[in-house]
Amino acid sequence: MDVLLYLIPIALALGGIGLGAFLWTVKHNQYDDLDGAAHRILIDDDEPLEDEASKKSK
Amino acid sequence: MEAPTLSDKSTDTGSKGLSCKTSSSTNADDEGVLCSADGTQEPEHKPSGAAQSFSQSVNGNDQDGYHLELGVEGIHCASCIRLIENAMAAHSDVTNARVNMSTERLSLSWRGTRCRGDALTSEVTALGYKLYDLSNDTLEASSAGALEKELIKAIAVAGFAAGNLMLISVGLWSSTAEAMGLATQSLFHWVSALVALPTILYAGRPFFRSAYGVLKGGHTNMDVPISLAVILAAVMSISETLRHGEHVYFDSAVMLLFFLLIGRYLDARAKGKARSSAAQLLSKLAGTAAVYRDDQLVRLPLKDLQSGMRVLVTAGENIPADGHVVKGASDIDLSLISGETLPEFAVVGTQVFAGTVNLTAPIEVSVDKVSNRSLLSEIVRMMEVAEQGAAKYVRLADKAASLYTPVVHSLGALTFLGWWLFMQAQWQVSLLHAVTVLIITCPCALGLAVPVVQVLASGRLLKQGVLLKSGDALERLANIDTIVFDKTGTLTIGKPKLLDEPYEPADLKLAASLAVHSRHPLSRALAAAYHGSVFDVIVSEVPGKGLTAKFEGKTVRLGSALWCGNTETIDDGKLELWLDTGEKPAVPYLFADTLRVDAAATTQKLQRMGLKLVMLSGDRKSTVAQIADQLAIEDYHGQVTPPQKYQHLTDLKAAGRTVLMVGDGLNDAPALAAASVSMSPSSAIDITQNTADIVFQGERLAPVLETLLTARHSTKLVKQNFGLAVLYNIVAVPLAVVGLVTPLIAAAAMSGSSLIVILNAFRIKIRSAN
């Protein structure tokens, strides 16, 4: 039954990774703006860069 | 210029954007004044007449900067997000700007001076988005979101632990101490303890906190036996583990928490959603008004309006305070206050009320009453009184809990005494049996019985366009015996509709071309009834009379009979618009406020269910009588003022009736608040929807019947679930009392009873539509 000594920690660790990932998403407000994310994908990444450039030139 | 489209929506948003831009131009003028002062100026003493100022909501944040959280109106798409965020990010002193689309909020942080925020926000206003302060209520409602978050995290932890404990427990159950060896059993128990104890400490907090709170106040609630059972189970399991015993209940304790947390979360989410939407609606009401001060137009928050101030109200804007018109003439939409379909024509000297909408032309209003003493706030105040006066409804679950706690605790105590005194058992053994009783009478079934049925029922209703705004609305609805209906907008659609008559297509096209330019209800109805392209005409609106335009060299008029050259007016109660093309005699277009298509069928069905129907309306008595006749409602009252409606409701209550109030106008709001339970159509104004417990969508009345049936069915299921829980306890508790329960039986009984309750709740989905 020595195998239990590996299996139990492995089982707990795998579950723990999933749990940790979920808690991270909750803590970092990943579920706060579900509608916004769907729309933000339409915004081109390079456009804000132009703004950055204009900011610097100011 | 492109031909205007015939969509109501686009004209709406267009004019909204326009009004935003007008207001922002005044803001921009003030911007220089505002921030020319040094950065240390006191926020309370802003130069009065400044741009719309949010400085009272500004918070200092950690990085020596400031933070502001505002509501934003009019965010529809990705470009809205980008516009606002890019405009803010273009400033080097802005450290963070993020738009949340779900909650329609803008979160803004910047370094530098506090008053810098006003310049930034006025820039957003200049883009055409209306900003509003989030009241303390809204921010409190967000902290309800924090509670949900805590519950979600607790569920995740408890779920993880329950799953792993079950793996280990299955090993324990399927073997005996002799077969698996004492060392292995001990290992399994200790691993269980390692997982379970931190979980109980973490995931049990919501229950422990609540139990501690009520115990300190000298009361008791469901959380007290829950906390006690969980803590005792944990302590007993540790002592059993130390003694190498069999009675280790870590899995049951954690599973108990897991199931109960799910129920608790479903409950909290339903409540939190209702609360935050309600608070957000109220925040929107607190807007600003354009006030003349020393011949300059400045924007002031509504609460700063004072008697005698002159306010400019542009077309499409709400009138900010009670007062009288001092300049200009316009049509005022009173439907908010009186439920009247047609707008009232206001000229210099006419009394106007806060909350009504100016439709056609800009007017100037002299404020007579300060905003918090206006008709609108009077009604709001009446509503608050009604809400406070309403007897607090005791939910079924709370009733069950108040029975459950003493019964279970005395059973536990009796078991302990019984084993100790009469069976001469050791006190440890006696305590073990007593604790088993507490664990086995698991309140899972009770804790899940209500939330699961509620979530399934509200999901089912949501599909049909019915939104539940308070958690116990369905329970309260199940008990009603009287329904009070408002007329305009509730039994009827509330908007005039063009009657089906053969109109000349060319004329109709011309009439619609004019009508699209107006916010007048009849114009809108005409425009809505016409499908197709329209002529590109330049239209001017003459308040109180109608619309006029040049078309192919001729003057075309659309408006009242008199104005279109028709002197013989027929007063048959129908609403009409006349079109004068300048060539032939003017043609009338007839409109009427029509009943909801299924109104008669629905009221009939409701009456057949033995419910008493009453109709209260602010409209003329003759119209009310006519409608009541069509719907076979015997008890009806016309020309009822809001206080009378409220009085009628309290009278019905005093007569021992449980009343459902269905209404949509502001005049209904106090009555809605006074009723046992209330519904309003989604076409109702914000404040009414805010008061109502249930909001239904669509142009049919059937949702009222459907919601009532669902309410009765779900309450029946809840009661059945309680019955099942009791039945389960009748079987399981004697086993625990005589000491026959093992950890396997406890775990199986607990999950079994929870599953049965959930499955029974799912029967609400099977029920046929009728």
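I take helices (H or I, at least four residues) and strands (E, at least two) as DSSP runs, numbered from the N terminus.

**Entry 1: conventions and confidence**

I am reading a predicted model, in which local features need pLDDT of at least 70, side-chain atom pairs count only at pLDDT 80 or more, and totals for chains, interfaces and linings use all residues. Residues are numbered from 1 along each chain as its sequence is written, while chains are lettered from A and ligands numbered from 1 in the order in which they are written.

I noted the scores of the model: ipTM 0.75 and pTM 0.66. For pLDDT, the predictor's confidence in each residue from 0 to 100, I found a mean of 77 in chain B, with 81% of the residues scoring at least 70. I count a contact when the C-beta atoms of two residues, placed from the backbone, lie within 7 Å. Where pLDDT is low, the predicted coordinates should not be read in detail.

Chain A has a mean pLDDT of 76, and 74% of its residues reach 70 or more. Among the elements of chain A, helix H1 (residues 3–27) has the highest mean (90) and helix H3 (residues 46–57) the lowest (50).

**Entry 2: the two chains**

In chain A I listed 3 helices and 0 strands, in the order α-α-α from the N terminus. I call a residue buried if 20 or more other C-beta atoms lie within 10 Å of its own, exposed if 12 or fewer, and partly exposed in between, with C-beta atoms placed from the backbone. By that count, 0% of the 58 residues of chain A are buried; for the 770 residues of chain B the figure is 47%.

Chain B holds 25 helices and 27 strands. Of the contacts in chain B between residues at least 6 apart in sequence, 69% join residues at least 24 apart.

**Entry 3: where the chains touch**

I counted 23 residues from chain B and 23 residues from chain A in the contact. On the side of chain B, the elements giving two or more residues are helix H2 (78–89), strand S3 (94–100), helix H4 (136–173) and helix H6 (182–203). H4(B) gives the most to that side, with 9 residues. I sorted the residues of the chain B side into 13 nonpolar, 7 polar and 3 charged. Here Ala, Val, Leu, Ile, Met, Phe, Trp, Tyr, Cys and Pro count as nonpolar, Asp, Glu, Lys and Arg as charged, and the others, Gly among them, as polar.

**Entry 4: nonpolar cores**

I define a nonpolar core as a set of buried Ala, Val, Leu, Ile, Met, Phe, Trp, Tyr and Cys residues joined through C-beta atoms within 7 Å. The largest one has 132 residues, and B:Ala158, B:Ala253, B:Val254, B:Leu257 and B:Leu261 touch the most other members. Helix H9 (residues 250–285) of chain B gives the most to this core, with 14 residues.

I then looked up B:Leu261. Leaving out residues up to four places away in sequence, B:Leu261 touches B:Leu151, B:Ala154, B:Ile155, B:Ala158 and B:Ala203. Another core, of 23 residues, lies apart from the largest one and includes B:Leu498, B:Ala511, B:Leu547 and B:Leu579.

H12(B) (residues 396–422) has 27 residues and reaches 38 Å from its first C-alpha to its last, close to the 39 Å expected at 1.5 Å a residue. The expected span is 1.5 Å times one less than the number of residues. Buried residues in H12(B) include B:Ala397, B:Tyr404, B:Gly412 and B:Trp419. The buried residues of H12(B) pack against helix H8 (223–242), helix H13 (427–440), helix H14 (444–463) and helix H24 (702–737) of chain B. B:Gln424, which follows H12(B), has a positive phi, near 55°.

For H8(B), I found the end C-alpha atoms 28 Å apart, which agrees with the 28 Å that its 20 residues should span at 1.5 Å a residue. Among the buried residues of H8(B) are B:Asp223, B:Pro225, B:Ala233 and B:Met236. Just after H8(B), B:His244 takes a positive phi of about 60°.

**Entry 5: B:Ala632**

I placed B:Ala632 in the loop between helix H20 (621–631) and strand S24 (635–637) of chain B. B:Ala632 counts as exposed because it has 11 C-beta neighbours inside 10 Å. Not counting residues up to four places away in sequence, B:Ala632 touches B:Thr603 and B:Gln604.
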